[in-house]
Amino acid sequence: MIIGRRLATALLAAFAAVLTWAFPAHADEHAGGTGEAATPPPQVNLVLDVSGSMREKDIDGGTRMAAAQQAFNEVIDAVPEEVHLGIRTLGADYPGDDIAKGCVDSAQLYPIGPVDRTEAKTAVATLRPTGWTPIGYALRGAVEDFGDHEGTRRIVLITDGEDSCGEPDPCDVARELAASGTHLTVDTLGLTPADAKVREQLSCIAEATGGTYTAVQDTDQLTERLKQIVDQTADNIVIENPTVIEGSADCADAPLLTAGVYRDREEFGEHRWYRVQLAPGRELRAAVSVSADRPVDRDYGVLLRALDENGRELARGSEAGHGRIDVVSTGLRYPAAEEAEATICLELSTSFSAPESVQRTPGLPVELTVDLTAAPDAPSDVASHGLARGWVPLVVLTVTGLLAGLLWGALRRIF
């Protein structure tokens with residue numbers, strides 16, 4: 001029995017050692033074990049329109065307000081622990097006709113911080129459609145809610161109408177935020193997708209700050225999109241405002257990109273080309289997101305390819321699906337050869353289509369992220385490099401399986 005227990009202990013130690021060697025954990029990095037200062041928690045401020053028009057019953061047979069409250073409840077339940085969440089309202093308190101009062105009707109409903117789910121949902125449940133729609137004023141208030149926070153900051157505006165006050169103009173406020181260099185993103189969700197004026201204003205706000213606009217069709221879509229935005233914020237990434245570029249029709253004339261975030265537009269059926277210089281020992285990581293900011297047909301796809309100057313494909317990433325979507329993303333990775341610098345051509349193509357009544361220009365918003373990082377000497381990160389990369393993983397998995405079998409047999413004999 002003693003020999004059996006010693007054998008089991010030895011096997012456990014060997015098993016742990018193999019796993020540690022095969023898949024080196026980065027727990028110290030993720031837990032702050034490197035000794036670096038802790039990163040400020042990402043913050044999201046949800047700005048909800050509670051104006052009188054939110055009484056309209058045109059979302060799943062219920063009111064727009066009921067759809068928003070249901071979505072908020074599900075998002076509050078699912079918000080990641082590391083995200084600090086706040087809620088601000090506009091048009092929630094003043095029911096009268098005095099424009100001077102109605103256009104300053106915005107208040108913090110729930111302060112930004114760790115979420116007490118019961119308290120936050122109780123606050124949302126008390127809301128009733130009431131007043132005006134001072135979007136510009138509410139955006140400025142939402143920025144003040146963050147205080148001097150230096151981490152990721154994101155505002156999500158949910159509304160069913162355009163600003164009813166005029167001053168300050170919401171697009172001008174968004175441009176001010178973009179020009180301030182505060183790394184603040186505003187995403188907008190419109191509850192009246194057929195209203196062209198609402199769509200134009202919300203798209204303007206989002207585009208000015210590098211955010212996204214979503215035309216919401218139903219409660220499920222509103223809930224899912226809110227969850228996506230909050231989850232993305234949990235990545236805690238702060239980036240510069242995207243640089244506006246224009247891709248070309250072929251690689252030879254394509255703009256030369258360095259590491260950074262870029263914005264472009266692509267019309268239906270277009271192919272957009274970009275170039276990247278990749279030095280020896282470096283790895284290209286490229287990701288692209290295409291926003292469907294207008295009604296599109298079912299069935300769609302996004303393809304991003306990396307090619308050499310002779311047209312040989314080096315890597316690709318694709319995403320496809322069907323049904324109503326708002327943002328489609330994909331990416332790729334390609335390590336350079338050791339001996340020489342190379343020009344990599346990036347080709348972006350999509351298979352979006354739309355009814356004839358839908359405007360074709362400008363094209364769909366594109367956000368392209370380019371990162372040039374050191375290529376790994378001996379890749380061991382399974383999540384990044386995949387399991388089928390060379391013979392080493394095969395040996396590791398074989399040895400691991402053998403040890404696991406021995407361990408299981410030893411434990412069966414002991415117990």
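Student: In which strand is N45 found?

Tutor: This is a predicted model, and N45 is found in strand β1, which covers residues 43–49. N45 has a relative accessible area of 0%. The cut-off for a buried residue is under 20%, so N45 counts as buried. Setting aside the neighbours within four places in sequence, N45 is in contact with G86, I87, R88, I112, A142, D145, F146, R154, I155 and V156.

K101 sits in helix α4, residues 99–102. Its relative accessibility is 49%, so K101 counts as partly exposed; the class of exposed residues begins over 50%. W132 is 31 residues away from K101 along the chain, and the C-alpha atoms of these two residues are separated by 9.2 Å.

Helix α3 holds 15 residues, 64–78. At 1.5 Å a residue, the helix should span 21 Å, and the C-alpha atoms at its ends are 21 Å apart, so the two values agree. The buried residues of α3 are R64, M65, A67, A68, Q69, A71, F72, V75 and I76.

Helix α3 packs with helix α9, residues 219–233, at an angle of about 35 degrees, and the two axes are 9 Å apart. The crossing of α3 and α9 is right-handed. On the α3 side, the contact is made by A67, A68, Q70, A71, F72, E74, V75 and A78. On the α9 side, T219, L222, T223, L226, K227 and V230 take part. Sorted by class, the residues of this contact are nine nonpolar, three polar and two charged.

A second pair is formed by helix α7, residues 170–179, and helix α8, residues 196–209. Their axes come within 8 Å and cross at roughly 5 degrees. Angles under 35 degrees count as roughly parallel, so α7 is roughly parallel to α8. From α7, the residues P170, C171, A174, R175, L177 and A178 meet Q201, C204, I205, A208 and T209 of α8. The residues of the contact between α7 and α8 divide into eight nonpolar, two polar and one charged.

Notes:
Residues numbered from 1 in each chain as written. Predicted model: local features only at pLDDT ≥ 70, side-chain atom pairs only at ≥ 80, totals over all residues. Heavy atoms only, no water. Helix = DSSP H or I, 4+ residues; strand = E, 2+ residues; numbered from the N terminus. Expected span 1.5 Å × (residues − 1). Buried < 20%, exposed > 50% of the residue type's maximum accessible area, 1.4 Å probe, protein only. Axes fitted to C-alpha atoms, helices over the stretch in contact; angles between N-to-C directions. Parallel < 35°, antiparallel > 145°, perpendicular 65-115°, else oblique. Contact = heavy atoms within 4.5 Å. Nonpolar A, V, L, I, M, F, W, Y, C, P; charged D, E, K, R; others polar. Left-handed = near helix turned anticlockwise from the far one by under 90°.
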